[in-house]
Amino acid sequence: MGEVCGLYEQAGRLAEQGVHLVSTDEKTGIQALQRLYPDLPMGPGAAQRREFEYLRHGTLCLTANLEVWCGLIVSPTLGPTRTEADFVAHVEQTVASDPQAGWVFVVDNLNTHQSEGLVLWVAQACGIEEDLGVKGKKGVLKSQKSRAAVLKDQGHRIRFVYTPRHTSWLNQIEVWFSILVRKLLRRSSFTSLEDLKARILAFIDYFNRTMAKPIQWLYSIEPKPSEGTG
């Protein structure tokens with residue numbers, strides 16, 4: 001927790017040095033629900049009423065990055081699945097937005113965030129020529145633990161920092177996901193997956209233009225001083 005919070009404090013300085021610090025995660029199972037009938041509007045003494053019947057048009061997975069120093073959502077990807085290949089493609093797309101810069105991704109311990117494909121891609125992007133071994137047998141690729149160790153290496157231009165287990169709240173992108181739910185997903189009706197995708201991307205554009213700002217991060221691992229001696 002100390003490493004993650006320390007990075008949040010350094011986000012502005014890292015940006016000045018040409019290093020992007022991004023908080024990254026997937027929001028899975030976003031449903032394209034189409035309400036069969038329109039909501040009934042509010043009136044004097046009456047709350048808005050919502051029709052409970054709907055059609056299901058499928059689900060999407062959103063993988064998003066929050067640039068910590070400024071609060072912008074950068075290089076989002078939307079698709080039907082959350083696989084190892086999907087996450088590698090997302091990271092590749094993100095880094096391609098500023099290919100010569102340094103990148104630090106704050107992520108959780110999901111296995112796709114510590115995969116063989118991710119290690120191979122980072123090694124190629126960072127010019128790592130050492131023998132990486134064989135998945136399940138030897139070397140860097142042997143286990144999830146050994147793969148995470150090389151992905152965390154501070155000597156690499158592209159690296160990953162992992163939140164402790166059971167601390168999803170420590171990843172700032174979760175704050176933005178709650179905004180997405182409140183402002184768009186909870187009360188909307190979508191006619192198709194294409195409609196859902198278009199409206200999520202439009203909301204991200206609107207958010208970046210009108211609402212984005214750094215999150216005021218108040219959590220600290222240091223104990224708070226006593227407010228009095230009694």
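Predicted model: local features only at pLDDT ≥ 70, side-chain atom pairs only at ≥ 80, totals over all residues.
Figure 1. Residues are numbered from 1 along each chain as its sequence is written, and side-chain values use heavy atoms, with hydrogens and water left out. Of the 230 residues, 40% count as buried (under 20% relative accessible area, 1.4 Å probe, protein chains only). The C-alpha atoms fill a box of roughly 70 × 55 × 30 Å along the principal axes.

**Figure 2. The run of helices and strands.** You get six helices and five strands here, taken as DSSP runs (H or I, at least four residues, for helices; E, at least two, for strands) and numbered from the N terminus. Along the sequence they go α-β-β-β-α-β-α-α-β-α-α. Take the contacts (heavy atoms within 4.5 Å) between residues at least 6 apart in sequence: 69% of them join residues at least 24 apart.

**Figure 3. Helix α3 and its buried residues.** Helix α3 spans residues 116-125, and its buried residues are L118, V119, W121, V122 and A123. These pack against α2 (84-96), α4 (144-151) and β5 (158-162). After the helix comes G127, with a positive phi near 70 degrees.

**Figure 4. α2 against α3.** The two axes (lines fitted to C-alpha atoms over the stretch in contact, with angles from 0 to 180 degrees between N-to-C directions) come within 8 Å and cross at roughly 25 degrees. That makes α2 roughly parallel to α3 (angles under 35 degrees). The crossing is right-handed, meaning the near helix is turned clockwise from the far one by less than a right angle. On the α2 side, E84, F87, V88, V91, E92 and V95 meet E116, G117, L118 and W121 of α3. Sorted by type, the contact has six nonpolar residues, one polar and three charged; Gly counts as polar, and Glu as charged.

**Figure 5. α3 against α4.** Here the helices pack at an angle of about 30 degrees, with axes 10 Å apart, and are therefore roughly parallel. This time α3 passes α4 in a left-handed crossing. E116, L118, V119 and V122 from α3 meet R147, V150 and L151 from α4. The tally is five nonpolar, no polar and two charged.

Conventions
Buried < 20%, exposed > 50% of the residue type's maximum accessible area, 1.4 Å probe, protein only. Parallel < 35°, antiparallel > 145°, perpendicular 65-115°, else oblique.
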